[in-house]
Amino acid sequence: MGCGASNSYDYKYDVGQQWESARKTIDIKRHRDKPVVKRSGWKTVRIFVSSTFRDFHAEREVLVKEVFPDLRQWCEKRRLHLVECDLRWGVPKDTTSEETLRTCLGEIDRCYQDNIMPFFLNMTCARCGWIPTDKEVPDSVYSEYRWIKGLSVTEMEIIHGAYRKDNPNSLFAIRDTTFLESLPTEYKDDFIDSNPVAEHKLKVLKDVLSDRFLSDRVFTYDCTYAGVDTDTGKVSLDGLHGVFTNKSSKMKPCLQEFSSVIFKFFQERIAEQYPIHEGKLDVYEQQKEAHEAFMKSRCSVVLGRNEILDKIAEYVTDLGTGKPLILTGGPGTGKSSIMAKAADVATQNASGGRIPGGGDAGWHVFYHFVGAIPGSTDQEMMLKRLLKELKICNDSNMPKDYEGTAQLLAGVLSNPNSKPVILLVDALNQVDEEKGHGTLSWLPRKLAPQVRCIFSMIDETPPHVTLLARPQGPIEVPVTPLDIGSRKEIVLEILSNYHKKLDKEQMTCLLSNEASKNPLWLSIACEELRVFGDFSRVTEKIKSLADDLLDLLGQVLSRFEQENGGMLMIATLCLLETSSHGLLETELLSILGGDLSLLTPSKENFEKLQKKEEDPDVQPISNQPLSAAKWAAVYRALRTFLRPFGDSGEGRLDFYHRSVSKAVRKKYFYAEDNSEKEDVYAFWHLTLANFFEHEQNVDRKVEEYPYHLVKIKDTDRLAKCLTEWPVFDHLFNDYYSSQLLLYWRKVGDYKFMEKQYRNILESIDKEAFGLEEYCIRYEHIARLLVQAGEYSVAKGYIDVALNIEEEQLGGRPERLVELFALYGELYDEISKMHDFIKRENIKDLKPCIEFFRKSVKIRETLQGDHHKYKMGISLMSLSFTLNTFYECGGDASLDADEAQEEALEHIEKALTIFLELEDLGKEAEASMTKAILYERGSEEQIEWYNKAYEQCEQAYGLNCKLMTRLMSNIGIYHEDREDYRTAYEYFVKWYNVSVEVFGENHPKTTSARNSLEEPTYQRIKAALEEEGAQ
């Protein structure tokens, strides 16, 4: 037998053995059920493109420029983000073989994580591509991916992404080799593999694909040589373009159907796996699943914390103390892992009936990890999820705002008849403070006996201070530094996962660093040692690790810059840091896909960003997203520091730990003297503002765009944004539009706001817009103006709305009642603006009484809790107004005593309504109104004021609209008793809360300021300042 024959036999035998080995690693012989995902909100869909690179440039161009853009547009209509993983640019030349292999296979891992089964496309023709030698495939890759010796990287992608699991989302496009005959000789090397084994390997591969996968997932297509692209120097091919339709073809997918077949296949599979949910999307269930996934990822290994876990277990199982238990400690001390473990243990014990006191229903365990997943910092969403899980509310009767949600939950947690519940909230100090909800108003001062609340927080943060200040303080468990034994266990545990370990001297050196007592520092240090390649210099590396958490993170970020993207890494970190609520991966890729030189903070680039509308060519925002290969390097480095968004599927990226955020600020946004670089902040905020200006997803636009405009003080664009109806609808609230009004205060005064909305309304084509919608717009602007204190101009808007309703829409009772009530609220607010009660005030009181009476009369004919609630509000306001009318002495139309008698009757009805509706906040307001009806300065009056104060604090917290009125009225009470010092204290509180709630220039704030400027209180102020100076 000749040598040639022998060699031929050898490699054919080897190829057969390789696929025989592959067959033994099959996990699923035949996939019978295709995955179907119930979803809520947006999801990310990844398509991994597998092929050799040099010979499939033309096909990849068609995919990237034609197929995927059309597929992406289709996906977005279904609330799906499409991300294609196209690694055609490979990895940097100096990358090791291990990094290259992990980049390719790691991207497939991400597809598994996000989509259960990867959406996988392979293209094959006449090239095998890289076949790594034994030395080029590290042992860790062999074991982790069950690498088959002798297979090419492309073949291993097929095995990992499709073959082993009979992936129903995989598609294989085989290019017919006959086109090679027309290919000029000088280009054949790019399309035909010179490796002698290639032809046979490819024949076997094509046979394997046909045998393993159904015929509708393997297709052959033809194409022809079409010359060379003069711009790229790459070969062009004809016959790849197809027309995208939803019609099914009777022919086998071949011949010029390349693009059409691929589009249809992934369109059908994505539609099957992510069907459009016909009902209302349950965002609360999605949040619950995401928190459960996070809890499971963090609770497996918690070392050295048994004593703390025992204290939590004891708190849960013992008799209720009425107090919450709080874990306190600095950043990175391991509080989240402890909370995850405690949640897991409580869940298992509750489901097994091993926690006493649960009764027949058993204990419900609720856990929430603030900052761990997108949306988790929204305190209102957290509270609503708890109310829904406890079956207190459903979608139809869920409170509409934070204050209503907080007061309802406070009642539930203090009610001894509520379902037994164990509530665990990690990182309570990280809840969104900008919305003004950081007062813990939802947490009653005394918990019901069957309620356990366990919170973790950083020392001395607002929730910690708030809880310590309460008369019945919390049970505090400090999370102390790790002992030496626990630290050693952590190091051994982390490094052993990668088959690495430190010798005794190295372990001693690492643990002698004081910072190693911090679990986060220790885990980051171990990761830095794991990726350090030179074992002979490990001791030197250990000694170089910074002994401060933020400085260590700074070292890590510097390494990321050098190894994983340079300016691309810096831009990613800075964009995430300056974002308001994190960024979707698709958003980041779009921003980073442009000219990176324009994403460098400089005076020149800042000026270019400012001129964006004049010269769109200078935009860093690109129509083409960043390539998958470049992004993979950045993401792979940052992954452990980002929120694990994969479980929620939304695709939003943000820093998981506050310490990472602080380290980014310290490294990129602060000067050496620790002062902020305002120009750097402005640059990144402007970049994001320009990007979100044209965002179509209104939720994301409202989250980000106004925030960045405020940061860069771009009041023109902010005003324009706030007059867009989708943005307005998102920010408007019937009770009080705090965020919308706050943004307008950044723009200018409320008169300017009114002018902008008037211009918009006057420009509307009523017939095209719809008369009913047009009328509601006028009503909403009127409500906003009342909230802003622009009372005189608000009346004109109500007049327009009422005229349209009566003259053109038939005077519908359900609409008339709202407009009459709004008139009443308007005159009610006007009447409250008078500093003193005088007889001439009657002119404002009479229309207030008239309209409230009208609204109550109609409301009595309407059914449902909504109208019952609104009637309670009108009765309460009517009672207050009648009492003021009484104090003014009445007139010929209504006797003073009759007004007082009617006021008492109405307030009792209102109190009964709010008690029946279990609305503690409105009950507090009714209690305050009842106090006003009593004789001024009487004991009964202060008794009801104090009751109202306690109810208000529990329902809404200290910084709320109702509290401003309470502070004013209690001050007046002490003034009536001539206790001017105490009155002054309450008037100061009145002013401070008014500034917080309404803003400095609101009429209500002006009234508070005017009271403090009276001579009596100016003298008291001077006396107090003199006493303080002594």
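Helices and strands here are DSSP runs, numbered from the N terminus, and a helix is a run of H or I with at least four residues. In this predicted model, helix α7 gives the most to the lining of the largest cavity, with three residues.

**The largest cavity**

- Two cavities of 30 Å³ or more are counted in the model.
- The largest cavity has a volume of about 70 Å³.
- Its lining is made up of 14 residues, and R127, C128, T154, L202 and L205 are the ones that lie nearest its centre.
- At least two lining residues of the largest cavity come from each of β3 (119–124), α5 (153–163) and α7 (198–212).
- By residue type, the lining of the largest cavity consists of six nonpolar, five polar and three charged residues.

**The second largest cavity**

- The second largest cavity has a volume of about 30 Å³.
- Its lining residues are P324, L443, P444, R445, L467, R470, Q472, G473 and P474.
- Five residues of the lining of the second largest cavity are nonpolar, two are polar and two are charged.

**Helix α5**

- Helix α5 is largely enclosed by the rest of the structure, because eleven of its eleven residues are buried.
- The buried residues of α5 include T154, E155, E157 and H160, along with V153, M156 and Y163.
- T154 is also one of the residues nearest the centre of the largest cavity.

**Helix α37**

- Helix α37 covers residues 896–916, which is 21 residues.
- From its first C-alpha to its last, α37 reaches 31 Å, close to the 30 Å expected at 1.5 Å a residue.
- At the start of α37, the backbone nitrogen of D897 has a side-chain oxygen of D895 within 2.9 Å.
- The buried residues of α37 are A896, A899, Q900, E902, A903, H906, I907, A910, L911, I913 and F914.
- These buried residues pack against three other helices: α35 (842–859), α36 (865–887) and α38 (920–933).
- Just after α37, E918 has a positive phi of about 55°.

**R717, a buried arginine**

- R717 is part of helix α27, which spans residues 715–722.
- Its relative accessible area is 12%, and R717 counts as buried because the cut-off is under 20%.
- The side chain of R717 makes a polar contact with the side chain of N690, at 3.0 Å.
- Another polar contact joins the side chain of R717 to the side chain of D714, at 2.8 Å.

**N513, in a loop**

- N513 sits in the loop between α16 (504–511) and α17 (519–530).
- At 15% relative accessibility, N513 is under the 20% cut-off and therefore counts as buried.
- Apart from neighbours within four places in sequence, N513 is in contact with R487, W521, L545, A546 and D547.

**L240, in a loop**

- L240 lies in the loop between β7 (235–238) and α8 (258–273).
- With a relative accessible area of 1%, L240 is buried.
- Leaving aside neighbours within four places in sequence, the contacts of L240 are A58, E59, V62, Y221, C223, F258 and S259.
- L240 and L105 are 135 residues apart along the chain, and their C-alpha atoms are separated by 28 Å.

Note on methods
Residues numbered from 1 in each chain as written. Predicted model: local features only at pLDDT ≥ 70, side-chain atom pairs only at ≥ 80, totals over all residues. Heavy atoms only, no water. Expected span 1.5 Å × (residues − 1). Buried < 20%, exposed > 50% of the residue type's maximum accessible area, 1.4 Å probe, protein only. Contact = heavy atoms within 4.5 Å. Polar contact = N/O pair within 3.5 Å; in protein donor to acceptor, adjacent residues only side chain to side chain. 1 Å grid on protein atoms, 1.4 Å probe; cavity = no way out; pocket = protein on both sides within 12 Å on 5 of 7 lines; lining within 4 Å. Points joined across faces, edges and corners; volume = space filled by probe spheres on them. Nonpolar A, V, L, I, M, F, W, Y, C, P; charged D, E, K, R; others polar.
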